[in-house]
Amino acid sequence: MTRAAWMDRAFHALGLAVLAVALSALMFLLADVWRDGASRLSWAFVTGYPSRQASTAGLLPAVAGSLWLVVLAAAMAMPVGVGAAIALEEYAGRRRWARLVEINIANLAAVPSIIYGLLGLGLFVQALQLERTLIAGAATLALLMLPVVILTAREALKAVPLAQREAALALGSTKWQTIWHHVLPTAMPGLLTGLILAVSRVIGETAPLIVIGALTYVPFVPDGPSSPFTALPIQIFAWISRPGTAFRANAAAAILLLLGVLLVTNGIAIGVRDRAARRRVA
Amino acid sequence: MEPVAAKIDLRALSVFYGETAALREVTMPVRAQQVTALIGPSGCGKTTLLRALNRMNDIIPHSRVEGDVWLDGHSILSPSTDVVALRRRVGMVFQKSNPFPMSVFDNVAYGLRINGVRDRREIAERVEESLRAAAIWSEVQDRLHAPALTLSGGQQQRLCIARALAIQPEVLLMDEPASALDPIATQRIEELILALKRTYTIVIVTHNMQQAARVSDVTAFLWMGQLIEQGRTEDVFTAPRERLTEAYVTGRFG
């Protein structure tokens with residue numbers, strides 16, 4: 001065997017080994033959580049309300065709260081984020097301030113989420129007097145999503161072929177018509193991918209919600225954006241911090257459910273993305 | 001040449017991309033209802049010249065224009081020019097066919113819709129008219145609602161021509177419209193050009209000398225951003241005034 005071929009095999013093996021390490025850590029985590037919580041997973045658990053008894057406590061308010069949060073946050077972050085990406089990518093050009101904004105957005109994506117929580121507390125909860133409601137929580141999470149949405153949306157817009165823009169412009173489309181009729185539909189799969197990434201990031205967020213004051217004991221399902229709320233990660237956090245193993249089993253079961261919800265939302269989003277992509281090609 | 005009023009008048013037109021001059025002080029008339037061919041080696045500025053006529057160079061960053069282009073006696077480079085309106089008068093067909101990822105019908109109807117045509121019957125009529133004018137109607141009339149990207153390459157290019165014709169431009173710019181097509185599809189495009197020049201003023205960029213000779217009335221030879229010679233196609237090919245032109249059209253370089 002030549003040296004090059006040997007090196008090739010060695011790198012292949014190294015790659016597989018690294019992948020195995022990463023996967024086994026994940027598998028171990030999953031197995032551990034599964035062992036602790038699988039027995040607690042039941043329909044009654046998912047549709048039940050919190051209780052002081054671990055064996056009768058349920059998750060419904062937390063599940064509903066998380067879904068409310070994610071949907072509201074996505075509804076706020078998507079138009080603002082895509083709009084910002086259009087402004088930067090299509091209108092700002094290469095000017096110095098646009099570059100400056102670009103760098104700052106990249107930085108924002110790396111800011112710890114608890115900082116966003118403090119911002120949400122100061123801005124939404126106090127200054128705008130939204131109180132400790134779903135809408136304040138969702139707005140905070142939307143801020144957290146924005147950098148990811150903007151960055152991925154810019155890439156999606158950049159990837160739209162110049163030939164398509166030129167075709168539209170040469171027919172006498174205005175810049176806005178070109179963007180609205182051609183660039184956005186073509187970029188849609190990429191935009192949705194960005195949304196998936198952003199949703200995955202915030203659905204497990206705990207710190208910012210604790211800072212803005214999500215409750216840990218909510219015996220009702222939120223009835224609207226101005227309702228107080230809890231969310232899955234907060235419920236998990238609350239259960240883990242209680243003494244005794246019974247609540248820890250509940251927490252493990254809630255983690256399994258959170259992973260399940262994540263899987264379902266991602267699955268739906270990927271399905272939507274693929275359908276959008278197929279429609280454009282067909 | 002006979003003194004026919006020029007549809008388009010280029011006056012000392014220069015185009016720069018950053019510091020590079022892609023076109024240097026080109027002055028020439030483009031007459032109505034004639035086919036003007038732009039020939040020359042790659043990078044000589046043919047496409048730049050073509051794209052100056054509907055201001056498509058505007059979308060290229062760091063591009064800059066000097067001199068002037070007049071269309072029907074009005075400068076298209078003046079700040080008051082409505083670029084969107086200009087592009088509706090000066091249509092364009094690109095080197096690589098670029099139909100929108102929508103149906104055949106919607107491709108042609110798009111230009112009408114953004115021009116405020118709402119009446120469904122009128123749209124349908126003008127779509128058919130345009131597809132007939134682009135000699136593709138018989139091939140697509142049964143699949144108007146099929147995706148345009150399922151058509152063959154030659155059909156896609158004729159669809160793009162139909163799309164450009166639908167908004168009834170006065171000038172049609174064609175950037176090597178047949179360079180990606182097989183000989184049969186190329187021949188159909190050439191026949192189409194000859195038919196269209198009765199209605200439109202056509203400027204075509206081509207790498208194919210025989211094509212220029214076959215379809216054009218006037219030929220302009222560009223070399224390194226400069227207009228070397230322009231005149232009746234017959235003269236340029238059989239009795240060029242410049243040695244550079246002669247060398248190029250006889251295939252000694254390029």
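This is a predicted model: local features need pLDDT of at least 70, side-chain atom pairs count only at pLDDT 80 or more; totals for chains, interfaces and linings use all residues.
In helix α7 of chain B, the residues B:I189, B:L192, B:I193 and B:L196 are buried, where buried denotes 20 or more other C-beta atoms within 10 Å of the residue's own, exposed 12 or fewer, and partly exposed in between, with C-beta atoms placed from the backbone. These four lie on the same side of α7(B), because they cover an arc of only 105° around the axis, the arc being that of the directions from the helix axis to the C-beta atoms. An α-helix has 3.6 residues a turn, so residues three or four places apart point the same way. On the other side of α7(B), B:P183 and B:I184 are exposed.

Residues are numbered from 1 along each chain as its sequence is written, and chains are lettered from A and ligands numbered from 1 in the order in which they are written.

What covers the buried residues of α7(B)? The cover includes β3 (35-39), α6 (153-166), β7 (171-175), β8 (201-205) and α8 (209-215) of chain B. Helices (H or I, at least four residues) and strands (E, at least two) are DSSP runs, numbered from the N terminus. The length of α7(B) agrees with expectation, because its 14 residues, 183-196, should span 20 Å at 1.5 Å a residue and the end C-alpha atoms are 20 Å apart; the expected span is 1.5 Å times one less than the number of residues.

I turn to the interface. Here 20 residues of chain B are in contact with 18 residues of chain A, contact requiring C-beta atoms, placed from the backbone, within 7 Å. On the chain B side, α2 (83-89), β6 (90-93) and α3 (104-114) each supply at least two residues. That side divides into 12 nonpolar, 4 polar and 4 charged residues, with Ala, Val, Leu, Ile, Met, Phe, Trp, Tyr, Cys and Pro counted as nonpolar, Asp, Glu, Lys and Arg as charged, and the others, Gly among them, as polar.

Finally, confidence. The predictor gives the complex an ipTM of 0.89 and a pTM of 0.81. Chain B averages a pLDDT (the predictor's confidence in each residue, from 0 to 100) of 91, with 98% of the residues scoring at least 70. For chain A the mean is 86, and 98% of its residues reach 70 or more. Within chain A, confidence is lowest in helix α11 (residues 245-281), at a mean of 80, and highest in helix α7 (residues 162-170), at 93.

How values were computed: Two residues are in contact if their C-beta atoms, placed from the backbone, lie within 7 Å.
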